[in-house]
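Okay, everyone, let me put this one up on the screen.

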Amino acid sequence: MRAFRLSGNRVHFVPGWWLALPGTLVLASCSGNQSSLAPAGREAEQIARLFWWMTAGAVAIWLAVAGLFFYAVRRRTEPRSERWGRLLILVGGAVVPAVVLGGLLAYGLSMMPPLVNRAPPGTRTIAVDGAMWWWRVSYPGPDGRTVELANEIRLPVGEPVEFQLTSSDVIHSFWIPSLAGKRDMIPGRLTHLALTPVRTGVFRGQCAEYCGTSHALMSFDVVVVEKEEFAAWLAQQAAPARAPVESLAISGQKQFLANGCGACHSVRGTPARGLIGPDLTHVGSRMSLGAGILPNEPDAFLRWIAHTPTVKPEVHMPAFGMLPPEELQALAAYLEGLK
Ligand code: CUA
């Protein structure tokens with residue numbers, strides 16, 4: 001779209017162009033559960049503040065430049081002196097950018113220590129290991145033993161936590177835009193990210209480093225709840241799986257063990273002790289399946305088990321579409337029932 005047109009030696013500005021800026025802002029939407037501009041954590045609030053100050057600085061410079069442009073094309077003035085021209089270049093080209101950019105740089109750097117420092121000793125730690133393309137999450141449980149789950153993180157509101165981040169294959173990046181900045185997960189290294197959620201809600205985390213074909217399908221749910229609710233949830237996650245009671249689910253458990261699912265997956269309280277894939281002890285209680293890409297319902301379980309590489313290209317889990325439909329349904333009922 002042309003911002004202006006020329007007729008003769010006059011410049012006419014096209015009004016439609018001016019609608020582009022507010023239109024872009026509306027379309028870019030600053031809300032949602034995966035937005036740095038709708039912060040729900042102390043660190044994300046700082047990042048959002050920095051963004052708005054940066055934006056204000058950019059808009060101020062843009063307005064000044066646009067103003068000069070208008071002035072130059074609209075006003076017919078006598079030629080200026082060489083001294084006036086030099087002064088304009090010095091102030092407009094060196095002093096103003098140096099002051100604005102220097103101020104923003106100092107402001108941004110002053111934010112660094114609280115965003116990159118480790119949390120104080122005694123802070124709750126949660127280990128998250130990135131893998132192609134899912135997240136292994138380990139909490140210290142109520143009895144001190146580790147509680148493992150996958151693709152979902154729950155946090156108590158108002159309490160600082162520190163994530164201890166690792167990767168078991170390639171470089172991933174751990175990012176919950178609503179709560180904090182991002183941190184790389186590097187094979188062979190331990191990195192840290194401390195954050196404090198300030199309001200309850202369901203947020204979305206996403207891998208922020210290209211890590212292969214299904215990088216875009218590597219997300220997770222983050223649920224921030226009140227402290228009492230968090231303690232009850234953690235106690236429930238620490239418990240072994242409940243035995244199925246319905247006949248379909250009982251049959252599903254038999255299929256699960258007979259088809260070798262337990263070689264890769266653990267269901268605590270059963271002979272399934274695999275460590276390669278996600279722990280499924282309470283998979284039915286999670287917000288979503290397949291690392292944030294499917295709703296948690298029997299049909300989605302069935303789709304995942306039967307057509308795994310279609311849902312998530314190049315995933316390590318093989319598809320079990322060769323099983324008869326009734327066996328797939330039984331498996332889905334069993335897994336969905338693991339609340
Ligand atoms: Cu993991 Cu991108």
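So, Ser138: skipping neighbours within four places in sequence, Ser138 is in contact with Ile126, Ala127, Thr146, Val147 and Glu148, where contact means heavy atoms within 4.5 Å. Ser138 sits in strand β4; strands here are DSSP E runs of at least two residues, helices are H or I runs of at least four, and both are numbered from the N terminus. Is Ser138 buried or exposed? Its relative accessibility is 16%, so Ser138 counts as buried; the cut-offs are under 20% relative accessible area for buried, over 50% for exposed and partly exposed in between, with a 1.4 Å probe and protein chains only.

Quick housekeeping. This is a predicted model, so local features need pLDDT of at least 70 and side-chain atom pairs count only at pLDDT 80 or more, while totals for chains, interfaces and linings use all residues. Residues are numbered from 1 along each chain as its sequence is written, and side-chain values use heavy atoms, with hydrogens and water left out.

Now, the rings. There are 10 aromatic pairs in the whole structure; to pair, rings of Phe, Tyr and Trp (its six-membered ring) need centres within 6.5 Å, with planes under 30 degrees apart called stacked, over 60 edge-to-face and the rest tilted. Take Tyr139 and Phe230: the ring centres are 6.1 Å apart and the planes are at 45 degrees, so that pair is tilted. Tyr139 is in strand β4 (residues 134–140) and Phe230 in helix α5 (residues 227–238), so this pair ties together parts 91 residues apart in sequence. Both Tyr139 and Phe230 are buried.

Then there's Phe174 with Phe220: centres 5.3 Å apart, planes at 15 degrees, so these two are stacked. Phe174 is in strand β8 (residues 172–175) and Phe220 in strand β12, 46 residues apart. Phe174 is buried at 0% relative accessible area, and Phe220 is buried at 1%. Ring pairs also link Trp135, Phe163, Phe174 and Phe220 into a cluster.

How many residues does the largest nonpolar core have? It has 35, and those with the most contacts inside it are Val128, Tyr139, Ile153, Leu155, Phe163 and Phe174. By core I mean a set of buried Ala, Val, Leu, Ile, Met, Phe, Trp, Tyr and Cys residues joined through side-chain atoms within 4.5 Å. Strand β12 (residues 219–225) gives the largest share of this core, five residues. Apart from it there's another core of 24 residues, including Ala300, Val315, Phe320 and Leu338.

Over to Trp304, in helix α7 (residues 298–306). Trp304 is buried, at 15% relative accessible area. Not counting residues up to four places away in sequence, Trp304 touches Gly290, Ile293, Leu294, Val311, Lys312, Val315 and Met317.

Last stop, two helices. Helix α3 (residues 42–74) and helix α4 (residues 82–116) pack at about 175 degrees, with axes 11 Å apart. That makes α3 roughly antiparallel to α4: over 145 degrees is roughly antiparallel, under 35 roughly parallel, 65 to 115 roughly perpendicular and the rest oblique. Axes are lines fitted to C-alpha atoms, for helices over the stretch in contact, and angles run from 0 to 180 degrees between N-to-C directions. In that contact, α3 residues including Trp53 and Met54 meet α4 residues including Tyr107 and Met111.
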